[in-house]
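Subject: Structure for your review

Hello,

The structure we discussed is below, with notes on what was found in it. Please read the notes with the model open.

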Amino acid sequence: MEVLYLLLLASVPLVSADFANEPLSNVQLKKYVEEDKNTYDCVIFVNDRHNESDLGKDNIMSKIVEVLKVIGNKVNNIEAKAGIYASKEFEGKAFVNIYFSTFSAAKSGKKKILLVVGPMKSAPKDAPWAPSHLKALNAVLGAFYGLYVPLQYREAHPDQAAKYATLGLHAGNDTDLDWVVKHALGIEKGRVIARDLCGADPERITPTEFVKYTKFVLNNYTDITIDSEAITNESYPMITMVQRASIALPRFNGSVMKLEYIGKKPVNTQKATSSASLYLLGLGNTYDTGGADLKVSGAMVGMSRKKCGAAAIVGLMITASELKAPVNLHGRLAVVRNNLGMRSFTVDTIVKVNSGKRIRIGNTAADGRMILADLLFHAKNEALKDSNPDKHIFTVATLTTHVIRCYKYIAGIMDNGPAALANTAEELQKAGDKVADLGEISVVRKEDYDFNLNTLETEDLLQSNNAADDGTNRGHQIPMAFMVQASGLSEHGLNAAKENQLKYTHLDVSGSAGLIDTVPTASPLSMMTMKAAEEKAFVKLKKYDETSDGNLVDTVVYVDEALPTASVQILPELQQAFMDIAKIFAPTGRLNSDVADARSIYEAAQKALTMAYKAGAKHILLVIGNMKNAPTNYKEDPWAEPKYRNLQALLGALYALYVPLEIRECCPERVSKYEKLYVAMAFGSTGGKAQQDGDLDWAVKYATAIEEGRWVARDICGSDSERMSTENILYYLNNDTDLQPLIKEQVPVAEDQYPLMAAVDRGNKGVTRHEGRVVKMEFGEMSAKKVLILVGKGITFDTGGYDLKVSGGMVGMHRDKCGAAAIVGFMKTAKKLDTKDLLIRAKLAFVRNALSARAYTVDEIITSRAGKRIRIGNTDAEGRMVMTDLVAEAKEEALGKFKEKDVQIITAATLTGHVVRCYKWITGAMENGPSKNANFLKELRRAGDQTSDMLEISAIRKEDYDANLTPLETEDYLQCNNAGSVSTPRGHQFPAAFMIQASGLDAHGIDSEKPIKFAHLDVAGSAGLIDTVPTAAPMTMLANHYLIPKTPATN
């Protein structure tokens, strides 16, 4: 029989493509811009049934345009030949409706498509897919699915390899289209290759062709390495059994492919690692005959899709590379074919595997679990040696028909104990819900492990029973239990020592990957991508709810002027919290004294929360008292307004709970000081219960957004000069899901653009990680009437240069980047709050002031961007140098593209020791005439008073401008004297005057026809000295002033 079988296989013509001319699938997408309005021949409008009754068949295009105008989308005068309305009701799993309605519409045959995503107003606001960027992402992914052209069709018809020429995307103003385009392209480029490998027939993608095609595709990805390992009985005893029948046929020769993607991690630091190490094990059975247990009666149809798990992992590697994901991926793919022949393995065979277990074969059609168990054994050993504390093993396979019986087109997700403890399956399910790649959670229980045990002494485990899995109770859970047992992973569950526990999750994608009559979906690629792309929130804060949180609280912190007495009535819903739970009193002191201010509340909460977490508290209830002696004239004492008192208590508490970046990276057990912070008010505020609830909701909202920004600012400001070198700062910014879309430029310091900054950067040439960069960020709409331009000093370390800091003067100089860090934090908070009617631009100078043979020296004369000739007087006055050219650039923008707008320029820097002498821990602020006439600093000071981010105003006077003048004709200004700022009279004021003069802003004062407002914030003391946690000043005052809407004070 084997001879006949081999002859039949040998007679099949060998299908092998010339990969040098392979027609790769076309994947392209771009944002709609007004200039492209005439390039499209079709508009697909994706929306719910909003205004659908107005859409008649005869004039659908004009009606689409009308609806676009109604919803505020600025797509004007589109001359398109066709319009398609893709509409679905939002019932049940509505995100699938978005996805598949777009998929159907994309099959229109049109080549130049504009995809317009409507507001979908009937979408539930709390649905995981409801954010505008996820609606748009689902619409695009659905369109891509409809536009996919199968590999074999592309090869047979190269002239029809693409269904479209252009795909544009437009959505409402609240949609982050840059994020959508980036993630849609990244996901689809991976999905195309996964579909190619998964969907091609078993002769086009044999085991050897699978390897060949994968190598061809990955040749374009230099950050992915690929290797193949021969299958031997010593390394893979069970895989060897499965592939035995294919030995005589070279094209069916199996192998284990090893793919590695190492997400770029911060350089020159041993402790900083990527976010996780994921071991991805894929079943790549290119065809499953069932072997000796032959699949009969039509059951072999669709068995070419048994390789879809391995195919999805190849695609996931590509997506990770496209998105530059900060994660380490270790792919292990068993690419084989389960043939029928005289060499086939049979039931009743007993095989001893690498874990030492003896396995009796019960069903040769249950080959998938055998293949994965061998891979799992090796992944287990690799993971145990991996020093990364965050590691996880996944198996991905089209393993059972039973999962289709249970969940149809939805993946089955199963965790072992450590993975369940980490909520992996739940997180994957939530991630899949966001992108129409759905999962259902199954629990692997005792029954599943017991099923694989055998009563005979001759073996330890039974591989399977002799029935089909879909006719077996718990037919998709049992295989995972077998893989855990056969690989020895059962010794690394919750019963193992913590350092030896390994998280393992199995995904059975038999239904979700796509059955034979559908285009392969590439599941679970999208789900796993969104899991990895999921933003990790720093802040875990919520309003206390007795019904859901009462039994969780382990510690109560009470913030008030005095302890509650017997005569004080605590609100009934908080009575239980004050019973048998640890309590800490946080006294503010009397709030009506001469010295009381917002910090009285802030610091009380901070100290109390420090005590709480050091005592081991994890679920902390912060109760804010009445503070009955607080001032009631809120115009005079704006910090005393109840909602701001709440905000101060929360911000102080959250400050205490910050964990430095380097601790989070080196010590996973210390990554968080708490599990949840709850907040409640013990007494009604002046407005009563309704007002109290409103005050608290307000405070929770803004405290959360501000603290998310402050974490970022502290991370950048407080981390040492190698952990946050220039290169590592860029890495950090580009891997924050909020910040990355805001980055418009990140370029080297060009001497012709920024000559003063380039002089400071000269000493870094040749040291890549420290070479300077200018980072430009932007948030808001160009249509906004107000423009805020923030310039930040980001000196990653300040040696002083040739004016070397000696006698201990260099201590703490890694914090010379805190001004720029605070601006980055402010940008994140603005993004979180989705601030309207304000365009924010940030210009950040990330440079190291190094001492080297290339470093700039005193007495050099350098012409600034504004054309002013500057004599260098002190190389340790580099801060004003790196900011001045950026101020000049901001001035040019104020006079040019923003000439009709209300522009405010602000510099933020840890600039002088002098300001610390004058004001200690308080920001020193200065402004020019136009800014002063607008009362800017007075208003900003009020905002700081409300948020414990204090400010003192210093005036820039004639003496400060005169200090920068020089009697020589060779230069226009002296950059600095040769003394330290601390010993120089007016040592923090004259640097602000220098920046005004050297940037050319002095021509735009109150006497100018074109005045420009400018203010300088010196945060050398307020940002936090070396022995304190960085404060993120002046971020909080700026957030309060610009990002929090103001309402009239109650009194």
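α10 crosses α15 in a right-handed sense. This comes from a predicted model, as does everything that follows. The two helices, α10 at residues 367-385 and α15 at residues 478-487, pack with their axes 8 Å apart and at an angle of about 45°.

On the α10 side, the residues in contact are R369, M370, L372, A373, L376, F377 and K380. They meet P479, F482, M483, V484, A486 and S487 of α15. Sorted by class, this contact has 10 nonpolar residues, 2 charged and 1 polar.

S464 has a relative accessible area of 6%, so it falls under the 20% limit and counts as buried.

Now the aromatic rings. The structure holds 7 aromatic pairs. One of them is Y602 with Y655, a tilted pair with 6.1 Å from centre to centre and 45° between the planes. Y602 sits in helix α18 (residues 598-614) and Y655 in helix α19 (residues 642-656), so this pair links distant parts of the chain, 53 residues apart. Y602 and Y655 are both buried.

A further pair is formed by Y658 and W711. The ring centres of Y658 and W711 are 4.8 Å apart and their planes stand at 75°. Because planes over 60 degrees apart count as edge-to-face, that is the class of the Y658 and W711 pair. Y658 is in the loop between α19 and α20 (661-666), while W711 belongs to helix α21 (residues 688-718), so the pair ties together parts that are 53 residues apart in sequence. Y658 has 4% relative accessibility and therefore counts as buried. W711, at 6% relative accessibility, also counts as buried.

Which residues do ring pairs link into a cluster? They are Y644, W698 and Y702.

Regards

Terms used: Residues numbered from 1 in each chain as written. Predicted model: local features only at pLDDT ≥ 70, side-chain atom pairs only at ≥ 80, totals over all residues. Heavy atoms only, no water. Axes fitted to C-alpha atoms, helices over the stretch in contact; angles between N-to-C directions. Helix = DSSP H or I, 4+ residues; strand = E, 2+ residues; numbered from the N terminus. Left-handed = near helix turned anticlockwise from the far one by under 90°. Contact = heavy atoms within 4.5 Å. Nonpolar A, V, L, I, M, F, W, Y, C, P; charged D, E, K, R; others polar. Buried < 20%, exposed > 50% of the residue type's maximum accessible area, 1.4 Å probe, protein only. Phe/Tyr/Trp six-rings, centres within 6.5 Å; stacked < 30°, edge-to-face > 60°.
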